[in-house]
Amino acid sequence: MTSTLPAGGDLVEFVQGQMRTPDHPLVAFIEGDGIGIDIWPATRAVTEAAVQRAYGQRRKIVWVEVLAGEKAKKLTGGYLPAATLDTLRRVKVGIKGPLTTPIGGGIRSLNVALRQELDLYACVRPVRYYQGVPSPLKHPEQVDMVIYRENTEDVYAGIEWPSGSAESALLIGTLKDHLGVRIDPQSGIGIKPISPNASKRLVRRAIAYAIEAHRRSVTLVHKGNIQKFTEGAFRDWGYEVAAEFPGRVVLEQELNGPPPDGVVVIKDRIADNMFQQVLLHPEAYDVIATTNLNGDYLSDAIAAEVGGIGMAPGANLSDQAAVFEATHGTAPRHAGKDEANPGSLMLSAVMMLQAMGWQEAAKILEDSLAKSIADGIVTYDLVRPGATRVATSEFARAMIARMQDMGGN
Ligand code: NAD
């Protein structure tokens with residue numbers, strides 16, 4: 001099924017994993033469920049304003065709406081219509097609000113389905129502090145990390161069967177008969193595949209980013225002391241990939257004193273230790289590369305250090321496509337009330353503009369958000385003494401007003 005794309009826009013191309021962006025790129029958007037109806041219009045308005053401020057009439061995003069979630073169910077009868085996947089595959093760049101995952105009923109998480117269908121193998125979550133955001137840390141300004149989470153494998157891939165099912169019985173029987181492993185026959189069973197291919201492409205991407213962005217280190221996070229052939233192998237494959245960057249990286253264990261300028265230190269930490277490290281010594285960590293489930297937990301924990309998931313952006317990347325997304329859920333209690341924090345989706349738009357090579361617009365967008373919060377203009381979740389609580393739409397207007405003094409063409 002081929003969907004029609006709007007006139008006046010051109011397709012973004014991917015060349016060796018990098019975006020080549022025309023002046024009028026087609027960009028897909030999924031509004032999202034719940035607070036999506038509040039935070040998407042605000043994000044769209046500030047993104048358009050930042051692009052206009054940076055480039056005048058020369059550059060403009062041509063948006064393509066694609067349906068997913070409850071809106072798709074209402075309009076098409078399905079949660080993830082074939083036309084949505086077709087358009088995303090063709091347009092290659094998209095941004096999405098949160099989607100409800102209906103509990104039970106055999107429906108896969110729409111987010112997991114999107115990642116698997118488009119092979120978006122790297123989930124990237126930068127976490128840094130914005131002045132004025134309430135934080136549980138004494139020195140939240142020391143937090144500046146970028147998490148690269150493997151997105152396609154692990155126990156997270158959804159390969160599992162319930163207790164008492166024929167599939168679980170088959171696997172339990174096979175393990176007993178062929179490998180002599182005894183498992184309680186009433187167990188549910190989940191499978192944890194970790195491959196060299198998926199691990200290496202993720203770590204390769206993390207190291208390449210660290211070199212290009214002049215970051216200080218890449219930490220491989222794993223639970224290899226216990227899960228030797230999955231998590232431990234991830235660590236070993238990560239070090240193998242590091243050897244592909246001679247002169248650009250150095251292993252922590254080979255260092256005597258500080259690393260040479262511009263060289264990225266490669267180190268590894270066991271996952272449980274890493275949770276205390278990022279709390280006690282956030283300044284010692286920079287880029288993190290890890291498996292799927294570790295990355296899921298760790299990215300929310302690190303986001304909480306700087307004000308929570310309302311402010312943490314995310315991107316799901318392959319070498320041919322990129323989908324940027326708010327990392328929080330649909331927050332149903334706040335939906336339609338024009339009060340949710342649009343920060344996560346707006347900062348996801350910043351990541352999108354950076355990946356498109358539109359650095360000037362990305363900077364205006366990020367600076368206007370940081371300035372509004374520093375000026376005490378905040379949504380309900382970031383209220384602190386001396387700050388003024390505003391609606392989602394008012395926050396967007398405050399940002400656009402601040403853009404008038406920034407950058408410009
Ligand atoms: P949630 O992220 O929606 O909410 C967790 C808490 O954070 C709530 O207290 C909520 O009010 C608050 N919160 C979240 N985003 C906020 C924002 N932008 N501004 C202010 N406060 C915010 O998580 P949940 O309640 O566990 O999940 C609700 C639904 O969202 C479920 O259907 C779940 O499957 C889905 N979900 C989707 C995604 C996604 O699309 N990427 C991620 C997580 C959860």
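A polar contact is a pair of N or O atoms within 3.5 Å. In this predicted model, an oxygen atom of the ligand lies 3.3 Å from an N or O atom in the side chain of H334.

**Ligand surroundings**

- The ligand is surrounded by 20 residues, and the closest of them are L99, G329, A331, N341 and Y380.
- Y380 places a polar side-chain atom 2.8 Å from a nitrogen atom of the ligand.
- T330 contributes a polar backbone atom, which is 3.0 Å from an oxygen atom of the ligand.
- The side chain of H334 has an N or O atom 3.3 Å from an oxygen atom of the ligand.

**Second largest pocket**

- The second largest pocket holds about 400 Å³ of space.
- Its lining comprises 21 residues, and those nearest the centre of the pocket are L99, N111, T327, H328 and G329.
- Helix α4, α9 (292-305) and β15 are the elements that give two or more residues to the lining of the second largest pocket.
- Of these elements, α4 gives the most to that lining, with three residues.
- By class, the lining of the second largest pocket divides into six nonpolar, eight polar and seven charged residues.
- L99 and G329, which are among the residues nearest the centre of this pocket, are also listed among the residues closest to the ligand.

**Largest pocket**

- The volume of the largest pocket is about 1200 Å³.
- The largest pocket is lined by 41 residues, and Y148, Y209, M351, Q354 and A355 are the ones that lie nearest its centre.
- At least two lining residues come from each of β2 (18-20), β6, β7, α6 (196-212), β14 (313-317), β15, α10 and α11 (359-374).
- Helix α6 supplies the largest share of the lining of the largest pocket, with six residues.
- The lining of the largest pocket consists of 25 nonpolar, seven polar and nine charged residues.

**Cavities**

- Four cavities of 30 Å³ or more are found in the structure.
- V112, R115, Q116, R149, N151, T152, E153, Y156, A157 and N292 form the lining of the largest cavity.
- Helix α4 (residues 110-117) makes the greatest contribution to the lining of the largest cavity, with three residues.
- The lining of the largest cavity contains three nonpolar, four polar and three charged residues.

**Strand β7 and its pairing**

- Strand β7 (residues 144-150) is largely enclosed by the rest of the structure, because six of its seven residues are buried.
- Strand β6 (residues 122-128) runs antiparallel to β7, and seven bridges join the two strands.
- Within this pairing, C123 has R149 in β7 as its bridge partner.
- R149 is also one of the residues that line the largest cavity.
- Strand β13 (residues 287-290) pairs with β7 in the parallel sense, over four bridges.
- V146 has V287 in β13 as its bridge partner.
- Strands β6 and β7 are among the elements that each supply at least two residues to the lining of the largest pocket.

- D154 is located in the loop between β7 and β8 (160-161).
- The relative accessible area of D154 is 1%, so D154 is buried, as the cut-off for that class is under 20%.
- A polar contact of 2.8 Å links the side chain of D154 to the side chain of K192.

**Loop residues with positive phi**

- K92 has a positive phi of about 75 degrees, although K92 is not a glycine.
- K92 is found in the loop between α3 (82-91) and β5 (93-96).
- With a relative accessible area of 23%, K92 is partly exposed.
- D338 likewise has a positive phi, of about 55 degrees, without being a glycine.
- The position of D338 is in the loop between β15 (322-326) and α10 (343-355).
- D338 has a relative accessibility of 27% and therefore counts as partly exposed.
- Both β15 and α10, the elements on either side of the D338 loop, are among the contributors of at least two residues to the lining of the largest pocket.

Technical notes: Residues are numbered from 1 along each chain as its sequence is written. This is a predicted model: local features need pLDDT of at least 70, side-chain atom pairs count only at pLDDT 80 or more; totals for chains, interfaces and linings use all residues. Side-chain values use heavy atoms; hydrogens and water are left out. Buried means under 20% relative accessible area, exposed over 50%, partly exposed in between (1.4 Å probe, protein chains only). Two strands pair if DSSP finds at least two bridges between them. On a 1 Å grid over the protein atoms alone, a cavity is a set of points where a 1.4 Å probe fits but cannot get out, and a pocket is an open set with protein on both sides within 12 Å along at least five of seven lines; lining residues have an atom within 4 Å of a point. Grid points are joined across faces, edges and corners, and a volume is the space filled by probe spheres set on the points. Ala, Val, Leu, Ile, Met, Phe, Trp, Tyr, Cys and Pro count as nonpolar, Asp, Glu, Lys and Arg as charged, and the others, Gly among them, as polar. A residue is near a molecule or strand if one of its heavy atoms lies within 4 Å of it. A polar contact is a pair of N or O atoms within 3.5 Å; within protein, one must be able to donate a hydrogen and the other to accept it, and residues adjacent in sequence count only if both atoms are side-chain atoms.
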